[in-house]
Amino acid sequence: MAQPKGTVVLAYSGGLDTSCILVWLKEQGYDVVAYLANIGQKEDFEAARKKALALGAKKVYIEDISKEFVEEFIWPAVQANALYEDRYLLGTALARPCIARNLVEIAQAERHLPFMFQGNDQVRFELTCYALCPKIKVVAPWRLPEFYQRFPGRRELMDYAKKHGIPVPVTPQTPWSMDENLMHIRACAGVVVSVFPGFGCGCCRDVGPRVWGVPVKVTNAGDGATRCSALELFVYLNDIAGKHGVGRIDIVENRFVGMKSRGIYETPAGTILYHAHLDIEAFTMDREVRKIKQGLALKFSELVYNGFWHSPECEFLRQCIARSQEPVVGTVRLSVFKGQVYILGRESPRSLYNEELVRLKEYHRLQSKVTEKQDE
């Protein structure tokens with residue numbers, strides 16, 4: 001039996017990695033406090049609690065942080081039109097600083113535990129923890145020789161789980177890792193295949209009006225159903241758009257640690273709001289301001305992806321982007337059909353588009369040409 005080493009807080013999901021890590025930590029002599037954040041994933045949280053305790057956790061915290069995830073992390077990304085490498089809407093990258101912020105609070109509530117232990121997304125968790133609590137110690141398993149030499153890959157983790165009777169949702173035949181939250185579902189690792197259901201039919205949606213570049217109401221033009229709170233409207237759009245296959249991509253992305261990674265993503269509500277916001281922004285924002293804002297959004301996306309949400313430069317960018325959103329108010333009408341989002345129209349009291357002015361300018365330009373020819 002290993003000598004007692006103190007208590008750690010584990011960012012626990014109940015998947016292969018964190019379940020094995022929990023048992024491994026017990027082997028190393030740690031007491032484990034497991035923390036599971038509800039950020040919209042479809043999960044039996046009571047079953048997850050029982051599993052963590054059965055694996056040896058000293059205590060289990062489960063918190064529903066869905067509302068703050070939408071309002072404090074997803075909405076700034078919507079304002080920015082945040083897109084990493086032209087494709088990825090940052091579902092996992094946005095969730096990690098939200099989870100890590102609450103992890104730090106748990107660690108401090110547990111009498112300022114000297115260690116915090118996390119599973120995947122090491123850099124994102126670690127940077128957030130150090131930014132919010134510089135004195136805390138973060139232990140990253142895949143940087144510990146005693147861990148990565150024992151578990152060089154997922155197959156070794158699966159063998160360990162089988163040996164110790166750890167129930168896990170993956171097998172050698174289905175080894176991919178799944179990450180689910182309100183923003184997206186991600187599948188990666190192993191031989192990744194399509195893991196999402198087929199497309200549905202289309203129907204019409206209205207998104208708006210908007211205040212400072214974030215959605216405040218969604219109305220179904222078909223049945224009149226309306227959702228107004230941030231969480232409710234986001235869940236509603238996820239349900240509708242998910243049925244129509246909106247937001248599904250298969251990409252290879254460049255990770256912060258230097259490797260390329262393939263992933264399949266489904267981001268239904270995020271994709272609808274990306275297109276709706278892009279449309280109303282182009283309709284209401286000054287051309288030169290928008291050019292500058294696009295550059296800020298590119299840097300913002302890179303910082304969020306790399307785990308720098310709580311950095312001073314990212315906080316500065318969020319303030320600048322939020323300031324640019326003052327005129328982004330209005331209503332966007334759109335439809336979804338077979339994976340696509342179609343903009344049908346938009347209106348805004350802050351519109352910079354003047355159809356009459358454009359028509360009259362063109363009319364007088366042509367009239368001038370006619371007059372010049374008649375004078376020749």
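Which residues do ring pairs link into a cluster? Select Trp24, Phe147, Phe151 and Tyr160: these are the ones. Keep in mind throughout that this is a predicted model.

Across the whole structure, a search finds 10 aromatic pairs. For one of them, select Phe256 and Phe308. Their ring centres are 6.1 Å apart and their planes stand at 90 degrees, so the pair is edge-to-face. Now colour by sequence position. Phe256 is partly exposed, at 42% relative accessible area. Phe308 is also partly exposed, at 26%.

**Charges over rings**

Select Arg318 and Trp309. The charged end of Arg318 sits over the Trp309 ring, 4.3 Å from its centre. Then move to Arg124 and Tyr305. Here Arg124 lies over the face of Tyr305, 4.8 Å from the ring centre.

**The cavity**

Hide the surface and go inside. There is one cavity of 30 Å³ or more. The largest cavity has a volume of about 60 Å³. To see its lining, select Ala77, Val78, Asn81, Ala82, Leu89, Met183, Gly270 and Tyr274. Six of the lining residues are nonpolar, two are polar and none is charged.

Last, colour by domain. Where does the largest cavity lie? Domain 1 (7-175) and domain 2 (178-356) both give residues to its lining, so the cavity lies between them.

Terms used. Residues are numbered from 1 along each chain as its sequence is written. This is a predicted model: local features need pLDDT of at least 70, side-chain atom pairs count only at pLDDT 80 or more; totals for chains, interfaces and linings use all residues. Side-chain values use heavy atoms; hydrogens and water are left out. Rings of Phe, Tyr and Trp (its six-membered ring) pair if their centres lie within 6.5 Å; planes under 30 degrees apart count as stacked, over 60 as edge-to-face and the rest as tilted. Buried means under 20% relative accessible area, exposed over 50%, partly exposed in between (1.4 Å probe, protein chains only). A charge sits over a ring if NZ of Lys or CZ of Arg is within 6 Å of the ring centre and within 35 degrees of the ring normal. On a 1 Å grid over the protein atoms alone, a cavity is a set of points where a 1.4 Å probe fits but cannot get out, and a pocket is an open set with protein on both sides within 12 Å along at least five of seven lines; lining residues have an atom within 4 Å of a point. Grid points are joined across faces, edges and corners, and a volume is the space filled by probe spheres set on the points. Ala, Val, Leu, Ile, Met, Phe, Trp, Tyr, Cys and Pro count as nonpolar, Asp, Glu, Lys and Arg as charged, and the others, Gly among them, as polar. Domain bounds come from an automatic or database domain assignment.
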